[in-house]
Amino acid sequence: MIKKRLFSAIAALYVVLGAWKGYVALFDQGAKEPKQIFPCPVEALPEPDQEALNNGIIVRNQRDLQQLLEDYLS
């Protein structure tokens, strides 16, 4: 029972990669303001990426976050 609750708590933690005032930004779970803003204008990205960022991309682990940031910031 304890393992199940612990797994649920861990699974519920995430960050959201999204857009903030035209830039790629990282938000904590449920936050309205970003914890980090990156120097990458959303409009410089391809249309599908812009749409995904405007909708918010839920990221559940560090590896996925690193890959997305490499894709968007390089």
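Strands β1 and β2 form a hairpin with two residues between them, and Lys 21 in the turn has a positive phi of about 50°. The model is predicted: local features need pLDDT of at least 70, side-chain atom pairs count only at pLDDT 80 or more, and totals for chains, interfaces and linings use all residues. Residues are numbered from 1 along each chain as its sequence is written, and side-chain values use heavy atoms, with hydrogens and water left out.

The protein chain has three helices and four strands, arranged along the sequence as α-β-β-β-α-β-α. Helices (H or I, at least four residues) and strands (E, at least two) are DSSP runs, numbered from the N terminus. Confidence is given by pLDDT, the predictor's confidence in each residue, from 0 to 100. Its mean over the protein chain is 86, and 84% of the residues reach 70 or more. Over residues 1–11 pLDDT stays under 50, and the model has one contact beyond four places in sequence for this stretch; contact means heavy atoms within 4.5 Å. Where pLDDT is low, the predicted coordinates should not be read in detail.

Two strands count as paired if DSSP finds at least two bridges between them. Six bridges join β1 to β2, three join β2 to β3, and three join β1 to β4. Val 16 stands opposite Phe 27 in β2, and in β4 the bridge partner of Val 16 is Ile 58. On the β3 side, Tyr 23 has Pro 41 as its bridge partner.

In soluble globular proteins, nonpolar side chains tend to be buried together. A nonpolar core here is a set of buried Ala, Val, Leu, Ile, Met, Phe, Trp, Tyr and Cys residues joined through side-chain atoms within 4.5 Å. Buried means under 20% relative accessible area, exposed over 50%, and partly exposed in between (1.4 Å probe, protein chains only). The largest core has 15 residues, of which Leu 17, Val 24, Leu 53, Ile 57, Val 59, Leu 65 and Tyr 72 touch the most other members. Two or more residues come from each of β1 (15–20), β2 (23–28), β3 (36–41), β4 (57–59) and α3 (62–73), and α3 gives the largest share, four residues. Leu 17 touches, among others beyond four places in sequence, Phe 38, Leu 53, Leu 65 and Tyr 72.

Asn 55 lies in helix α2 (residues 47–55) and is exposed, with a relative accessible area of 63%. The C-alpha atoms of Asn 55 and Leu 17 are separated by 9.2 Å, although the residues are 38 apart along the chain.

Across the protein chain, buried residues make up 28% of the 74 residues. Of the contacts with a separation of 6 or more, 34% join residues 24 or more positions apart.
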